[in-house]
Amino acid sequence: MMSRYLFLGVNALVLIFMLLSPWAVPTREFDGSGYMLNPLGAINPAALKLPDLHLAWLPMMLWLWVALLLAASGALFLPDERNRARVLYILGGIAIALFLLEALLFYQAVTAANTAAVAAGARRPPLRRFAMSLGAYVGLFYGFGLLLLGRMQLPGGRAFLVRYRGMVVPLVALLLSVLVGAVIVAILRPGLGLANAQAIGLREFLAAKLDLVTYTYQILFSPVLNLTGIFSSLAFATPLIFAGLAVAFGFKSGLFNIGGPGQITLGGVGAMLAGVYMPGPGWLVFIVAILAAAAGGALWAGIAGWLKARFGANEVINTIMLNYIAASVLLFLVANNDYKFFGHAVHLPFKAAGFEGRSEEIQPGARIPLIIDLLAPGGHFSWALPLAVVAGIAVYIGLGRLELGRRLLAAGTAIIAGYLLGLVLPGFAVKVSTDLSSILFNGSFLLAVLALLFYHFFLFRSSSGYELRAVGLAPKAAEYAGVNLNRKIVVAMLVSGALAGLVATHYVLGAGVDGTFRLKQSLPTDAGFFGIAIALMGQNTPLGIFMASALFGVLLSGATTLNVQLGISRDLVTVLQALIIMFIAVGGLLPRYFTDPLKAAQVETEDRTRQDELEAKATKAVGD
Amino acid sequence: MEIIIALFFSTLRQATPLLFTALGGLFSERSGVVNIGLEGMILFGAAASAIGVQRLEVATGGVQAAWIPWVGLLFGALMGGLVAAAHAVASIKYRADQIVSGTAINILAIGAPSIVLQVLYNNTSTSQEVVNRIPDINVLGQGHLSILVFVAYLLVPLVWWILFKTPWGLRLRAVGEQPEAAETMGVNVIGMRYTAVIISGVLAGVAGAYLSIGFLNQFVRNMSAGQGFIALAALIFGKWHPLGVLGATLLFGLFRALAIQLQGGDILPSVIIEALPYILTMLVLAGFIGRSRPPAAVGKPYDK
């Protein structure tokens, strides 16, 4: 069996990684150079000083891992597949437990040393930026790998993977992109702490490179560790949710809307026109401005939809062309006031006075507030938002027997009632740090959540959504069943464009770019392209789109720190996004049956037949 | 008169990168592979050329040497070809959606150069200026044009001859129209497609080199500014024919030249002229200005 020897190779590789990489870094300078712990002895190229640290357990761990690797290597040669699976499950569990034990011992040792130092009169804890590192992580991933391998031994293992291919393919693509990203970083940057070190041996060199790669990803994922980071991540995620939904809505209807950037721009124009110039009470302008953002995007995508429905013109090319036309429209409106057409002077009122190309300010009533100002207006916690969310979810779940339309109506009413009740309830004073209140995480996130719900209920719970999906899967069959194809194409593009246009609520109405409530010439529109990565990674499901947006929100937020600390451009995240798109496009380099539904069904049937045969044999054996 | 001549030269210059890229795209699309990643391949080529030349200048001590820009051009062409090979593997071997794969390359081309620039020059938007540019030729004392401009226009009859007068060209067109029929006649469909896509990347890389070390003397973030897409538009506008492509790129080049010439003038705002190529392409696609029909098998993965 080839695969068994392949597994032996993997085991050897795991051991090599464990011997070479740092397992944990108890302290690290701001520039990233760290004190690297390894069972074979510490690696400390930057000559950092370490206080007394209880680390006697570390070399012992290596022997445990070696024993585990040997046991796993042997386990795969066991004759009976059920026993093989059982042993692999146990070993996988042990591996994960070992990792947890290492983490526990390490953090205990570090905390003890820091407490002791502070007690002895140190001004601040001597150990900073400490964390587990690659050598330990490898063990954890190996543990999960063993569990999966155990499942694969049993009949139906391949079918199990194929059934969850909606998760397997994006995760494998993510893993591959992370690996390629790591290689890029390792090639481009010197290892951490080697800048001033003399006489670098091969061991130091490799350990420092592996440390660099690990620390890069630790920084990228670090925003999940505190509230400020989470707020910042969600702020980055908001435009991605809208843009991802826009692309996914197109995919589901069989259309490729690559025109996100243009639709975002026109959404911004719509929001600006309504938000700056519309007279009337604040709340009305607020609502109209949001609708205008959606309308702007819908209009722009609708052009491509109409051209496809009416003339059969390819929507991919047309939406790309519209992106560039939109860029010209934006410049035309906000970069200058005075133009000449064949000698006739034309004056446009939109650009505000000043050097920068930007519109007038959105009127105060139409501005979308920061989430923190909704949660704790004036430093006083308000129950309104939490109650509204809880009431809405509770009523929706509680009324499970009701017909869907009424259920949603009731949930909507509960949200409003909860909000009003929360306004009346007495809150309490909370301290909001300036860090937190300076994050531009605004209410458009709530709109994004509503958009996710709309996407779910419209596409998967309504008859017109069903028809759209039918058009996407099999246009000919849908048409034969009485669906008006041309009309559906226009509707799909309108909705898709409206979702993209709503990105402008974050950037323009919510001042998500830099805190100014204006439409700027420099309006960021990249989200339109990144929406493709989000839709692919989220496999066009609402939950998947949210998770993918949140993931990239975290990475984008972490990337700002990356640049400051390690001098790696934040465009590393852009590269990761591109790689993910590419790896999902090639089906994660997995066999065809992971991407082709027909072949997937074939594999599932084959595996099930084999499982049935084995069970029949087992029953017969018992009978004899 | 002087303005007309200036406009003429400017048009030739502006059309050159479009022409290289569109002629490349012609091979790819004629073989049945949509190459929406041309924009990214231009950027990769531009970055590789500018950075390559700058590194060579450092290595040789900053001297003026006639061979350096040509090696830089080679870097650009190879880089474009390499990226195109990735697109080819994805869309031919792994049957990836060709639009998705091309989009991935375009996004990669936004991010990857700036990571390298950050490491080499400590900023994410420009590379260091170089002295060894691809040389210009003086045309009858009226103006200067890069050698690559002449190469681009000489390429048009060559591509026409390859596509329509050689057996290889016939096979290529057959692969893009009826791959199954071509296969039964003994044509290696997969091999033809790989070759065609890589040619398109090489030419897009040359277009990038023209931008960074011919037209300018450094790489600037996102310097192609949509020219890959205009080239794609020229391909449609020119009805997938070398002569049509030549006409379309000259027209679009004229628009770009006009947008520069008329800046601050009182005929039309330049932002509107800049949008004209895109608007025209949409009109062509819709069939308002003559119908344009793509190769029949374009965009479809081929199964043996």
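Author: A polar contact is a pair of N or O atoms within 3.5 Å; within protein, one must be able to donate a hydrogen and the other to accept it, and residues adjacent in sequence count only if both atoms are side-chain atoms. This is a predicted model, where local features need pLDDT of at least 70, side-chain atom pairs count only at pLDDT 80 or more, and totals for chains, interfaces and linings use all residues. Residues are numbered from 1 along each chain as written, chains are lettered from A in the order written, and side-chain values use heavy atoms, without hydrogens or water.

Reader: Which residue has a side-chain oxygen reaching a backbone nitrogen at the start of α19(A)?

Author: Helices are DSSP runs (H or I, at least four residues), numbered from the N terminus. At the start of α19(A), the backbone nitrogen belongs to Asn486(A). The side-chain oxygen that comes within 3.4 Å of this nitrogen is from Asn484(A).

Reader: What distance separates the end C-alpha atoms of α19(A)?

Author: The expected span is 1.5 Å times one less than the number of residues. Helix α19(A) runs over residues 485-501, 17 residues, so it should span 24 Å. The model agrees, with end C-alpha atoms apart by 24 Å.

Reader: How many residues of α19(A) are buried?

Author: Buried means under 20% relative accessible area (1.4 Å probe, protein chains only); exposed means over 50%, and partly exposed lies in between. Among the buried residues are Leu485(A), Ile489(A) and Met493(A). Of 17 residues in α19(A), the buried ones number twelve.

Reader: Is Thr195(B) buried, exposed or partly exposed?

Author: Thr195(B) sits in helix α8 of chain B, residues 189-215. Its side chain reaches the backbone oxygen of Gly191(B) at 2.7 Å. The relative accessible area of Thr195(B) is 35%, so the residue is partly exposed.

Reader: What area is buried between chain A and chain B?

Author: Buried area is the accessible area (1.4 Å probe) that two parts lose on being put together, summed over both. Contact, meaning heavy atoms within 4.5 Å, takes 45 residues from chain A and 50 residues from chain B. Carbon and sulfur atoms give 79% of the buried area, which is about 4000 Å².

Reader: Which side chains meet in a salt bridge?

Author: A salt bridge needs a side-chain nitrogen of Lys or Arg within 4 Å of a carboxyl oxygen of Asp or Glu. Across the interface of chain A and chain B the rule finds one. At 2.8 Å, N to O, the partners are Arg221(B) and Asp571(A).

Key: Helices (H or I, at least four residues) and strands (E, at least two) are DSSP runs, numbered from the N terminus.
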